[in-house]
Amino acid sequence: MRRKTAVTVWLLAIALFLAACGAAGQKQGEAGRTTGKVKEEKTDQLRVALWSQPITEQTNLLAEKEKGFFKEKGLDVTLIPGAGGGDAIKNILSGQADIAFTDPGSLFFALDKGAKLKVIYNIYPQNVFNVVSLKDKQITKPEDLKGKKIGVYSLSSGTRQNLLVLLHQAGLSENDVTIVETGLLNFAPLMQGQVDATAATDTGLVVAKQKGLGDVNVIEVKNYLNIPSDVFVVTEKTYNEKKELLQKFLEAYRNSAQWMIDYPEEAAALAVKYAIDGKDEQRNLQIIQLRNASSVSPLTEEKGLGALDVNVLQQAADTYKKLGLIKNDINMAEVVTNELLPKQ
(Lines give C-alpha, C1' and ligand atoms only; values in the text may rest on other atoms or scores of the structure.)
Protein backbone atom coordinates (compact mmCIF):
# COMPACT_ATOMS: atom_id res chain seq x y z
CA MET A 1 0.00 0.00 0.00
CA ARG A 2 2.79 2.40 0.94
CA ARG A 3 4.56 1.51 -2.34
CA LYS A 4 1.37 2.30 -4.34
CA THR A 5 0.96 5.61 -2.52
CA ALA A 6 4.59 6.53 -3.15
CA VAL A 7 4.21 5.78 -6.85
CA THR A 8 1.08 7.92 -7.03
CA VAL A 9 2.81 10.86 -5.31
CA TRP A 10 5.80 10.48 -7.64
CA LEU A 11 3.58 10.52 -10.77
CA LEU A 12 1.68 13.54 -9.47
CA ALA A 13 4.94 15.41 -8.90
CA ILE A 14 6.08 14.69 -12.46
CA ALA A 15 2.74 15.92 -13.84
CA LEU A 16 2.95 19.15 -11.85
CA PHE A 17 6.55 19.68 -13.00
CA LEU A 18 5.64 19.22 -16.68
CA ALA A 19 2.66 21.55 -16.34
CA ALA A 20 4.88 24.19 -14.79
CA CYS A 21 7.40 23.86 -17.61
CA GLY A 22 4.65 24.25 -20.19
CA ALA A 23 3.33 27.40 -18.53
CA ALA A 24 6.81 28.85 -18.31
CA GLY A 25 7.43 28.08 -21.97
CA GLN A 26 4.16 29.76 -22.97
CA LYS A 27 5.02 32.89 -20.98
CA GLN A 28 8.49 32.93 -22.48
CA GLY A 29 7.02 32.65 -25.98
CA GLU A 30 4.60 35.49 -25.28
CA ALA A 31 7.47 37.55 -23.89
CA GLY A 32 9.51 36.79 -26.99
CA ARG A 33 6.67 37.92 -29.24
CA THR A 34 6.23 41.09 -27.22
CA THR A 35 9.96 41.74 -27.30
CA GLY A 36 9.97 41.20 -31.07
CA LYS A 37 7.41 43.95 -31.48
CA VAL A 38 9.45 46.32 -29.37
CA LYS A 39 12.57 45.58 -31.39
CA GLU A 40 10.95 46.41 -34.75
CA GLU A 41 12.97 49.33 -36.09
CA LYS A 42 11.30 52.36 -37.60
CA THR A 43 11.89 52.82 -41.33
CA ASP A 44 12.34 56.40 -42.55
CA GLN A 45 11.19 57.45 -45.99
CA LEU A 46 13.38 59.35 -48.45
CA ARG A 47 12.57 60.26 -52.07
CA VAL A 48 15.32 60.63 -54.66
CA ALA A 49 14.55 62.48 -57.91
CA LEU A 50 16.61 61.03 -60.77
CA TRP A 51 17.58 62.97 -63.89
CA SER A 52 16.53 60.00 -66.04
CA GLN A 53 14.53 56.83 -66.19
CA PRO A 54 16.17 53.95 -64.24
CA ILE A 55 19.25 53.15 -66.33
CA THR A 56 22.22 50.81 -66.09
CA GLU A 57 24.69 53.33 -64.68
CA GLN A 58 22.40 53.72 -61.64
CA THR A 59 22.31 49.99 -60.84
CA ASN A 60 23.72 50.57 -57.34
CA LEU A 61 20.46 52.43 -56.59
CA LEU A 62 18.19 50.13 -58.55
CA ALA A 63 19.37 46.88 -56.92
CA GLU A 64 18.11 47.78 -53.45
CA LYS A 65 15.73 44.77 -53.33
CA GLU A 66 18.69 42.46 -53.82
CA LYS A 67 21.36 44.28 -51.81
CA GLY A 68 19.50 46.28 -49.11
CA PHE A 69 22.10 49.02 -48.67
CA PHE A 70 19.49 51.57 -47.60
CA LYS A 71 17.31 49.17 -45.63
CA GLU A 72 20.38 48.36 -43.56
CA LYS A 73 20.43 52.03 -42.50
CA GLY A 74 16.72 52.05 -41.69
CA LEU A 75 15.75 53.84 -44.90
CA ASP A 76 13.03 53.17 -47.46
CA VAL A 77 14.15 55.00 -50.60
CA THR A 78 11.74 55.81 -53.44
CA LEU A 79 13.21 56.69 -56.84
CA ILE A 80 11.38 59.31 -58.95
CA PRO A 81 12.29 59.18 -62.67
CA GLY A 82 12.89 62.39 -64.60
CA ALA A 83 13.73 63.85 -67.98
CA GLY A 84 16.88 65.81 -67.22
CA GLY A 85 18.68 67.37 -64.29
CA GLY A 86 16.26 70.30 -64.35
CA ASP A 87 13.42 67.88 -63.59
CA ALA A 88 15.27 66.55 -60.56
CA ILE A 89 15.77 70.09 -59.23
CA LYS A 90 12.10 70.96 -59.81
CA ASN A 91 11.06 67.89 -57.85
CA ILE A 92 12.94 68.96 -54.73
CA LEU A 93 11.84 72.59 -55.04
CA SER A 94 8.19 71.51 -55.28
CA GLY A 95 8.49 69.11 -52.35
CA GLN A 96 7.93 66.02 -54.51
CA ALA A 97 11.38 64.69 -53.55
CA ASP A 98 14.00 65.13 -50.85
CA ILE A 99 17.20 64.65 -52.87
CA ALA A 100 18.02 65.51 -56.49
CA PHE A 101 20.40 63.43 -58.61
CA THR A 102 21.36 66.23 -60.98
CA ASP A 103 24.11 67.92 -62.98
CA PRO A 104 26.04 71.11 -62.13
CA GLY A 105 24.48 73.01 -65.04
CA SER A 106 20.93 72.46 -63.74
CA LEU A 107 22.19 73.38 -60.27
CA PHE A 108 23.70 76.66 -61.54
CA PHE A 109 20.51 77.57 -63.41
CA ALA A 110 18.42 77.07 -60.26
CA LEU A 111 20.86 79.02 -58.08
CA ASP A 112 20.90 81.81 -60.67
CA LYS A 113 17.12 82.12 -60.25
CA GLY A 114 17.43 82.39 -56.46
CA ALA A 115 16.83 78.81 -55.32
CA LYS A 116 18.27 77.98 -51.88
CA LEU A 117 20.16 74.72 -52.35
CA LYS A 118 22.96 72.63 -50.88
CA VAL A 119 25.31 70.25 -52.69
CA ILE A 120 26.02 67.32 -50.36
CA TYR A 121 27.73 64.58 -52.43
CA ASN A 122 29.85 64.31 -55.58
CA ILE A 123 28.39 61.34 -57.49
CA TYR A 124 30.68 61.56 -60.53
CA PRO A 125 33.68 63.86 -59.96
CA GLN A 126 34.90 63.19 -63.51
CA ASN A 127 33.42 65.02 -66.49
CA VAL A 128 31.98 62.29 -68.74
CA PHE A 129 31.15 64.53 -71.72
CA ASN A 130 33.06 64.48 -74.98
CA VAL A 131 33.02 65.57 -78.62
CA VAL A 132 33.27 62.75 -81.15
CA SER A 133 34.20 62.97 -84.84
CA LEU A 134 35.05 60.52 -87.61
CA LYS A 135 38.78 60.08 -88.22
CA ASP A 136 38.67 61.59 -91.71
CA LYS A 137 37.53 64.94 -90.28
CA GLN A 138 40.89 65.27 -88.47
CA ILE A 139 39.34 66.98 -85.43
CA THR A 140 41.69 66.21 -82.57
CA LYS A 141 41.58 69.34 -80.39
CA PRO A 142 39.02 72.05 -79.52
CA GLU A 143 40.58 74.57 -81.93
CA ASP A 144 39.76 72.21 -84.82
CA LEU A 145 36.04 72.70 -84.15
CA LYS A 146 36.07 76.23 -85.53
CA GLY A 147 33.71 76.53 -88.48
CA LYS A 148 32.39 72.99 -87.97
CA LYS A 149 28.81 71.70 -87.66
CA ILE A 150 28.35 70.00 -84.28
CA GLY A 151 25.42 67.93 -83.03
CA VAL A 152 23.98 68.12 -79.50
CA TYR A 153 21.12 66.22 -77.84
CA SER A 154 19.17 69.45 -77.34
CA LEU A 155 19.90 73.14 -76.83
CA SER A 156 19.13 72.76 -73.11
CA SER A 157 21.17 69.60 -72.59
CA GLY A 158 24.45 68.95 -70.87
CA THR A 159 25.93 68.13 -74.29
CA ARG A 160 25.49 71.75 -75.43
CA GLN A 161 26.61 73.18 -72.10
CA ASN A 162 29.79 71.12 -72.06
CA LEU A 163 30.46 71.87 -75.73
CA LEU A 164 30.37 75.58 -74.88
CA VAL A 165 32.70 74.97 -71.93
CA LEU A 166 35.11 73.15 -74.26
CA LEU A 167 34.97 75.93 -76.86
CA HIS A 168 35.54 78.52 -74.15
CA GLN A 169 38.73 76.78 -73.01
CA ALA A 170 40.02 77.09 -76.59
CA GLY A 171 39.13 80.77 -76.90
CA LEU A 172 36.13 80.01 -79.13
CA SER A 173 32.43 80.74 -78.72
CA GLU A 174 29.11 79.41 -79.97
CA ASN A 175 29.37 81.89 -82.86
CA ASP A 176 32.47 80.10 -84.16
CA VAL A 177 30.55 76.85 -84.84
CA THR A 178 27.15 75.71 -86.08
CA ILE A 179 25.23 73.80 -83.40
CA VAL A 180 22.63 71.32 -84.61
CA GLU A 181 19.95 69.85 -82.33
CA THR A 182 19.93 66.12 -83.20
CA GLY A 183 17.95 64.46 -80.40
CA LEU A 184 19.07 61.46 -78.38
CA LEU A 185 20.09 59.51 -81.48
CA ASN A 186 22.82 62.04 -82.11
CA PHE A 187 25.34 59.56 -83.52
CA ALA A 188 23.17 58.77 -86.55
CA PRO A 189 23.71 62.24 -88.12
CA LEU A 190 27.45 61.85 -87.47
CA MET A 191 27.57 58.49 -89.21
CA GLN A 192 25.52 59.87 -92.11
CA GLY A 193 27.77 62.91 -92.55
CA GLN A 194 25.13 65.46 -91.56
CA VAL A 195 27.41 66.90 -88.86
CA ASP A 196 31.18 67.06 -88.53
CA ALA A 197 31.18 66.11 -84.84
CA THR A 198 28.74 65.39 -82.07
CA ALA A 199 28.74 66.22 -78.39
CA ALA A 200 27.93 63.15 -76.28
CA THR A 201 28.89 61.16 -73.19
CA ASP A 202 31.23 58.23 -72.69
CA THR A 203 28.32 55.79 -72.32
CA GLY A 204 26.65 57.18 -75.44
CA LEU A 205 29.83 56.45 -77.34
CA VAL A 206 29.78 52.81 -76.13
CA VAL A 207 26.27 52.35 -77.51
CA ALA A 208 27.18 54.04 -80.82
CA LYS A 209 30.19 51.77 -81.32
CA GLN A 210 27.99 48.73 -80.81
CA LYS A 211 25.71 50.09 -83.52
CA GLY A 212 28.48 50.32 -86.08
CA LEU A 213 30.27 53.60 -85.46
CA GLY A 214 33.70 53.34 -87.07
CA ASP A 215 37.06 54.79 -86.07
CA VAL A 216 36.68 58.12 -84.32
CA ASN A 217 38.60 60.88 -82.61
CA VAL A 218 37.37 61.73 -79.12
CA ILE A 219 37.97 65.06 -77.36
CA GLU A 220 37.24 64.57 -73.66
CA VAL A 221 35.98 67.71 -71.92
CA LYS A 222 37.58 66.60 -68.62
CA ASN A 223 41.02 67.19 -70.15
CA TYR A 224 40.16 70.90 -70.39
CA LEU A 225 37.77 71.51 -67.48
CA ASN A 226 37.10 68.54 -65.24
CA ILE A 227 33.87 69.54 -63.51
CA PRO A 228 31.63 66.89 -61.91
CA SER A 229 29.00 65.27 -64.09
CA ASP A 230 26.43 64.69 -61.32
CA VAL A 231 25.93 65.61 -57.68
CA PHE A 232 23.34 65.11 -54.95
CA VAL A 233 21.48 68.34 -54.16
CA VAL A 234 18.90 69.20 -51.48
CA THR A 235 17.04 72.35 -50.51
CA GLU A 236 18.39 74.33 -47.57
CA LYS A 237 15.18 73.44 -45.71
CA THR A 238 15.73 69.71 -46.17
CA TYR A 239 19.40 70.12 -45.27
CA ASN A 240 18.54 71.84 -41.99
CA GLU A 241 15.64 69.56 -41.04
CA LYS A 242 16.84 66.10 -42.13
CA LYS A 243 20.58 66.04 -41.51
CA GLU A 244 20.55 62.68 -39.71
CA LEU A 245 18.52 61.01 -42.49
CA LEU A 246 20.72 62.54 -45.18
CA GLN A 247 23.82 61.26 -43.41
CA LYS A 248 22.37 57.75 -43.35
CA PHE A 249 21.46 58.04 -47.03
CA LEU A 250 24.94 59.16 -48.04
CA GLU A 251 26.56 56.37 -46.04
CA ALA A 252 24.29 53.81 -47.72
CA TYR A 253 24.87 55.34 -51.15
CA ARG A 254 28.64 55.29 -50.68
CA ASN A 255 28.41 51.61 -49.71
CA SER A 256 26.35 50.88 -52.81
CA ALA A 257 28.79 52.76 -55.06
CA GLN A 258 31.71 50.87 -53.56
CA TRP A 259 29.86 47.59 -54.15
CA MET A 260 29.44 48.43 -57.84
CA ILE A 261 33.15 49.31 -58.07
CA ASP A 262 34.13 46.04 -56.37
CA TYR A 263 31.63 43.78 -58.15
CA PRO A 264 30.90 45.21 -61.62
CA GLU A 265 29.95 41.82 -63.06
CA GLU A 266 27.29 41.26 -60.40
CA ALA A 267 25.96 44.77 -61.01
CA ALA A 268 25.86 44.15 -64.77
CA ALA A 269 23.80 41.02 -64.22
CA LEU A 270 21.34 42.83 -61.93
CA ALA A 271 20.98 45.66 -64.46
CA VAL A 272 19.33 43.17 -66.80
CA LYS A 273 16.54 42.91 -64.25
CA TYR A 274 16.21 46.51 -63.11
CA ALA A 275 17.47 48.94 -65.80
CA ILE A 276 15.36 49.90 -68.81
CA ASP A 277 18.45 49.82 -71.03
CA GLY A 278 19.97 46.73 -69.39
CA LYS A 279 19.10 43.88 -71.75
CA ASP A 280 22.70 43.33 -72.90
CA GLU A 281 24.78 42.20 -69.91
CA GLN A 282 28.09 42.78 -71.68
CA ARG A 283 27.14 46.33 -72.59
CA ASN A 284 25.93 46.83 -69.02
CA LEU A 285 29.40 45.88 -67.81
CA GLN A 286 31.06 48.43 -70.11
CA ILE A 287 28.73 51.19 -68.94
CA ILE A 288 29.17 50.28 -65.28
CA GLN A 289 32.95 50.24 -65.61
CA LEU A 290 32.85 53.71 -67.15
CA ARG A 291 30.66 55.04 -64.35
CA ASN A 292 32.86 53.38 -61.74
CA ALA A 293 35.85 55.21 -63.23
CA SER A 294 33.97 58.51 -63.15
CA SER A 295 33.09 57.98 -59.46
CA VAL A 296 36.68 58.31 -58.28
CA SER A 297 39.31 61.03 -58.30
CA PRO A 298 42.48 61.93 -56.40
CA LEU A 299 40.26 63.74 -53.89
CA THR A 300 38.02 60.72 -53.33
CA GLU A 301 41.10 58.53 -52.93
CA GLU A 302 42.14 60.84 -50.08
CA LYS A 303 38.78 61.67 -48.49
CA GLY A 304 36.40 58.95 -49.65
CA LEU A 305 33.73 58.61 -52.33
CA GLY A 306 31.52 61.67 -52.65
CA ALA A 307 34.11 64.25 -51.56
CA LEU A 308 33.40 67.69 -53.05
CA ASP A 309 35.91 70.24 -54.32
CA VAL A 310 34.33 73.68 -53.97
CA ASN A 311 37.06 75.30 -56.07
CA VAL A 312 36.26 73.15 -59.11
CA LEU A 313 32.55 73.91 -58.83
CA GLN A 314 33.32 77.61 -58.39
CA GLN A 315 35.41 77.54 -61.57
CA ALA A 316 32.52 75.87 -63.37
CA ALA A 317 29.99 78.44 -62.12
CA ASP A 318 32.29 81.28 -63.19
CA THR A 319 32.66 79.71 -66.63
CA TYR A 320 28.89 79.40 -67.01
CA LYS A 321 28.57 83.12 -66.28
CA LYS A 322 31.28 84.03 -68.79
CA LEU A 323 29.43 81.97 -71.39
CA GLY A 324 26.20 83.83 -70.64
CA LEU A 325 24.46 80.68 -69.46
CA ILE A 326 23.73 82.33 -66.10
CA LYS A 327 23.46 86.03 -65.22
CA ASN A 328 24.59 86.27 -61.62
CA ASP A 329 27.74 85.52 -59.64
CA ILE A 330 27.37 82.42 -57.49
CA ASN A 331 29.38 81.85 -54.33
CA MET A 332 29.73 78.07 -54.29
CA ALA A 333 31.33 78.12 -50.83
CA GLU A 334 27.84 78.94 -49.50
CA VAL A 335 26.31 76.03 -51.41
CA VAL A 336 28.80 73.15 -51.21
CA THR A 337 29.27 71.17 -48.00
CA ASN A 338 31.15 68.01 -47.05
CA GLU A 339 29.62 68.05 -43.56
CA LEU A 340 27.24 65.14 -44.10
CA LEU A 341 29.71 62.80 -45.79
CA PRO A 342 30.49 59.53 -43.98
CA LYS A 343 33.74 59.53 -42.06
CA GLN A 344 36.63 57.54 -43.50
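Visitor: What should I keep in mind about the model?
Guide: This is a predicted model, where local features need pLDDT of at least 70 and side-chain atom pairs count only at pLDDT 80 or more, while totals for chains, interfaces and linings use all residues. Residues are numbered from 1 along each chain as its sequence is written, and side-chain values use heavy atoms, with hydrogens and water left out.

Visitor: How many helices and strands are there, and what makes a run count as one?
Guide: The protein has 14 helices and 10 strands.

Visitor: What makes strand β10 largely enclosed?
Guide: Buried means under 20% relative accessible area (exposed is over 50%, partly exposed in between; 1.4 Å probe, protein chains only). Six of the six residues of β10, residues 230-235, are buried, so the rest of the structure largely encloses this strand. On one side sit D230, F232 and V234, on the other V231, V233 and T235, and all are buried. Across the protein, 50% of the 344 residues count as buried.

Visitor: How do you know which strands pair with β10?
Guide: Two strands pair if DSSP finds at least two bridges between them. Strand β3 (residues 99-102) has three bridges to β10, in the antiparallel sense, and F101 stands opposite F232. Strand β4 (residues 117-124) also runs antiparallel to β10, with six bridges, and here Y124 stands opposite D230. Both counts meet the cut-off, so both are called pairs.

Visitor: Why is one space called a cavity and another a pocket?
Guide: Work on a 1 Å grid over the protein atoms alone: a cavity is a set of points where a 1.4 Å probe fits but cannot get out, whereas a pocket is an open set with protein on both sides within 12 Å along at least five of seven lines. Grid points are joined across faces, edges and corners, and a volume is the space filled by probe spheres set on the points. By this rule there are two cavities of 30 Å³ or more.

Visitor: What makes up the lining of the largest cavity?
Guide: Lining residues have an atom within 4 Å of a point. For this cavity, with a volume of about 70 Å³, they include D103, N127, Q161 and Y320. Helix α6 (158-169) supplies the largest share, three residues. The lining divides into five nonpolar, six polar and one charged; Ala, Val, Leu, Ile, Met, Phe, Trp, Tyr, Cys and Pro count as nonpolar, Asp, Glu, Lys and Arg as charged, and the others, Gly among them, as polar.

Visitor: And what lines the second largest cavity?
Guide: That one has a volume of about 60 Å³, and among its lining residues are E57, Y124, Y253 and N292. Helix α10 (residues 243-262) gives the most, four residues. By class there are five nonpolar, three polar and one charged.

Visitor: Which residues are closest to the centre of the second largest pocket?
Guide: About 250 Å³ of space lies in that pocket. Of the 15 residues that line it, V128, D202, E220, K222 and L290 are the closest to its centre. Helix α8 gives the most to this lining, with four residues, and the classes come to seven nonpolar, four polar and four charged.

Definitions and conventions
Helices (H or I, at least four residues) and strands (E, at least two) are DSSP runs, numbered from the N terminus.
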